[in-house]
Structures are given as C-alpha cells and as structure tokens.
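Subject: Structure handover

Hello,

Here is the structure for you to look over. My notes follow below it.

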Amino acid sequence: MSKKILVRGVNWIGDAVMSLPALKALRKACPESSISLLVRPSIAPIFDRNPDIDEIILYGEEFKGITGRLRLAGVLRGKGFSKAILFQNAFDAALIAFLAGIPERVGYNRDGRGLLLTGPITFDNEDRRVHHRDYYLDLLTKAGISDSKPNPPIAPWIYLSLEERLSARNVLSRLKRPILGINPGAAYGPAKRWYPERFARVANWFINDTGGGVVIFGGKDDLSTAEEIEIKIRVWSDQSSVRRPHNFLTSHLLNLSGKTSLRGLISLISECDILLSNDSGPMHIAYAVGTPLAVIFGSTDPKLTGPVNGANVVLKADLACSPCFERTCRNNDMRCMNDITPDDACSAIKRLLPERPAVFFDRDGTLCRDTGYLNRWEDFKVFPEISSINILKNKGFLLIGVSNQSGVAKGLVDESFVKMVNRVFIEGYGFDDFYYCPHHPDEHCPCRKPEPGMLFEAREGHRIDLKASYVVGDKDSDMILAKSVGAKGIFVLTGQQEESSHADFVAKDLKVAVDFIVRDRGL
C-alpha cells in the first residue's frame, strides 16, 4: 500500500463534512501511510484536529492561475507522494496531480479528465442516486483501496477541543437555555432558502414557549437576512401582551451573523440544543458535532445530502416538482418552501427538545471493581454503595451507563460478555440504558470517552438535557466528557486514578456522589 497519499479535498463545507467518513475509511485501510489533504483555506477548518489526516496543505490564492498551479505542482512533487485520491470532481484536481508527477492518480472519470488518471473510476451520475457520503466511500471501494462500505456506516465527525467548546459556551452564556440556533442562509441559491419572516416566527414562538434563547448564524452574505429576522423578533416582542423588562431580549436573542470564523461557528453550533437550518453547510456541521437538527429542504433531496446521523427531523414538501436541484425556482412560486409552515418547524423542534436530566455512570472502577479488562464473571464485583443510586431514579433522573471497552477491539474481551455485564445493571439495578465503545483507541472514534458520542446517542434515544446532567466516573476522561457537554463531573475514588483536575466534585464512593447530586439540585 502507498506510503504517502495525497487527497484532493472538496471545495464546499457540506461536501467536506460528507467526505469525512471516506477519510476515516482511508485511514483504516492504510494505517501505516502518511495522508495529506490538499484543500482550500476556506474549508480547511473542517479538518482541524482530525486524527485521520497527517498534514493539511492549503490551496490558497498564491497558487492561482497557470503559474500558480505549476508552483503548487512543484510543492507537491517535492513531498514525494506515491498516490493521489481525488475527492474533488474538477479537471483541475487531476491536472495538478498529473503535473506533480504523482504515479497513481485515482478519481471519478468525469469532467474530461480521464486521460490524466491512472485509475479512472467509471462515473454514471452516481451523485444523483446515492448519498454524497457514500459517493466518496464508493470511490475508495471501486478503486480497491477499502474492501467495502463499513457496516454500520461511518458517521461524519468534526473534532473539537475542550477549549473550543468552553469558549463557545461562554459566548452563548448570556442566553437562557434551551438554545435554538437559526441558520437562514444557503450558498447554493434562493431555492434552498426558507423565508426570513418564517424563521422569525419560529424564533418568537421558541422564546415565548420554552423561555429559551435564540442565536442567529450566517456568513457576511446573510447579514441583511439575519437583521430582518432580528428586527421582526424585536418588534413582536415589543408588541407582546406580556409585560417584559426593556432588556428582555438580551438574554433571549443573539445575532452572530457575519461575526464568526468557520471554526468558531462549528463550536457554537455544537453548543446549541437544536439547530433550525436550510440545507446548507451549517446543517452538515450540526449533525457532525451531534447537535439535534430540524432541516428544511426545498429544491434538493435529503436522500442525497440530508443528515446521516443523530437526532434530526427533515421538513420537505411532497411535490412533483421537487427535488428539481435548481438554484432559483423555475415555477416562480417557491411552492416547496411555501408549503412548509412555521407550525411545521415548531412541531419538529418540539420533538427534539430535551426533557429530562440524566446521571451518566462509568462502569469499571465506578459501578464495579476495575480489573483492567473485565472478562470473567468471577472478577465481576459490584460496589455495595450502588444501592444508593435508586434515590436518583426516584428524583426523576435517568440512569445511563457509558463505558469504554477497547478490550473488544484488542481481542481481550468478548463483546457478548460486555453486553451481558451491562445487562446486569439494567435488569438488576434500574439503569435505563447502557452504552459502550468497543473500538480501539487508535481509531479515534466519536464514541470513545472523552469524545461525547455516547452521550449524544443517549440524548437522541432519551431526549436528555445534557446541561442539567451529571457524569460520575473514576477517570479524568470521564470528567473531561462532562465538561465537553456542559454536565457536572463527579470523580469517585473507587478506581485506579487518584485525582482529576477537571472534576466539579470529588466523592469517596457512589453514595457520597449521589448525596452531592441531590444537594446540588436542591431535591
């Protein structure tokens, strides 16, 4: 297998997100290879901190024009790539790889570039028949790089640092929870944009009905739309029959359109409880950071570019003319957008709103003795203080287990044994659910703590209010997990780690942890 691989990335935010599973599949197929990504600077932040990439090469303005492309080809030639994989469909992608003298050049045979490819992959309009995530995965499969599409499918995931999450949380801290993000823009064209007045009506309902806050997102091209939405919300607030203080909207409305970097936008969307969006780049960002999503589709098709994981509701009118994939409505009536009402969007948001808090428990070292890799029943010893967690159940908390079980991937623990042990806590101790990550740490999966994937899966399945929840564990990764989602972390001294710098509270055992939660919530 090639030792140095160049991937030519795509040029749009949504496409970049949908190509993330293919990058992970490539890394899995070529674990020893060095993988570099050539991508436009405007898209590069999508890939920051991504462990499946060794290097990001920026295709900036300095490489514009014929001389610029020759200069870029020289830069690439100096890096000694042995294979180029072209996710981008353009002729330019193949030309630069050819000029760089990369021996193997793999890509779809389209846009007249077949002669520049050493591994042309037959193209017969697949992008109108399969989801674009699969479009990129299929390229690897057909090129013989990966055996087949993974089952279950790989979910797109954007990696954020704890510092980025905390910074975004601080920006939104003046807003009441829950927080609804609104993204009224779409770069493709007006046929993908719902009406500002309808976004404003949904925002006004959300503020009045939930008591929460609304944050408006958008790029510089969306400033006028965002301002129109903000003005309408303010006018309706002033006209409200409910008496409100003059600064009422300070804690209920924030307009950040044109004020965020792409990386900042990603972090902010991750901190929203729900995002209401058109089919656009921010919509793709939402499901790739685990934010519940209500998305409006007009001229495009959710089967091709819709959300592929997480809690989401797709709003689309059932019309003969849709999807038409036009940038502007050829019927001049925008019926696909007209047929989606504010009530439809409000109903979708209600289905996604968090309902209950949970207490998440690590397993080994927290609920039972940590033996390293628990793989025998005779080593399974539950801590006697576990009986105290029934108090939490009676106080209205969901009880959820979340456990890293890399022993499965390492061949040290049978996965069926993990499931049986977890079942003991559900059937014998009143747990509502139990999640585990069976992956190897080198896979850098979204579900391995401290990444919050398991908590997001639990939120989707049980409509959990993560900001009102708690994480109890015996490792620093459990405490970082708590901070990453805005929950409180309780570190128990029953495991093998003696301290954590990220804990909100330290307890000697489960009983003390339960007592703290009850006091902290004033129950």
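Two strands count as paired if DSSP finds at least two bridges between them. Helices (H or I, at least four residues) and strands (E, at least two) are DSSP runs, numbered from the N terminus. This is a predicted model, where local features need pLDDT of at least 70 and side-chain atom pairs count only at pLDDT 80 or more, while totals for chains, interfaces and linings use all residues. Residues are numbered from 1 along each chain as its sequence is written, and side-chain values use heavy atoms, with hydrogens and water left out.

The sheet: 6 strands form an open sheet with parallel pairing, in the order E3-E2-E1-E4-E5-E6. Its edge strands are E3 (55-58) and E6 (119-121), each pairing on one side only. Neighbouring strands are turned by 20° against each other on average, direction ignored. (Axes are lines fitted to C-alpha atoms, for helices over the stretch in contact; angles run from 0 to 180 degrees between N-to-C directions.) E4 (residues 83-86) and E5 (residues 104-108) pair over 4 bridges. Ala-84 has Arg-105 of E5 as its bridge partner.

Two helices lie across this region. Contact here means heavy atoms within 4.5 Å. H2 (residues 20-29) lies across E1 (4-8), E2 (34-39) and E4, at about 170° to E1. H4 (residues 91-99) lies across E1, E4 and E5, at about 175° to E4.

Next, the cores. A nonpolar core is a set of buried Ala, Val, Leu, Ile, Met, Phe, Trp, Tyr and Cys residues joined through side-chain atoms within 4.5 Å. Buried means under 20% relative accessible area, exposed over 50%, partly exposed in between (1.4 Å probe, protein chains only). The largest core has 59 residues, and Ile-46, Phe-47 and Phe-87 have the most contacts inside it. Beyond four places in sequence, Phe-47 touches residues including Leu-20, Leu-23, Leu-37 and Val-39. A second, separate core has 38 residues, among them Leu-180 and Phe-206.

Now H17 (residues 476-485). Of its 10 residues, 8 are buried. Among them are Met-479, Leu-481 and Val-485. Their cover includes H6 (162-171), H16, E16 (470-473) and E17 (488-492). Just after H17, Gly-486 takes a positive phi of about 85°.

Last, Pro-450. This residue sits in the loop between E15 (433-437) and H16 (453-462). Pro-450 is partly exposed, at a relative accessible area of 33%. Not counting residues up to four places away in sequence, Pro-450 touches Ser-477, Ile-480, Leu-481 and Ser-484. Its C-alpha atom is 9.6 Å from that of Leu-162, 288 residues apart along the chain.

Best wishes
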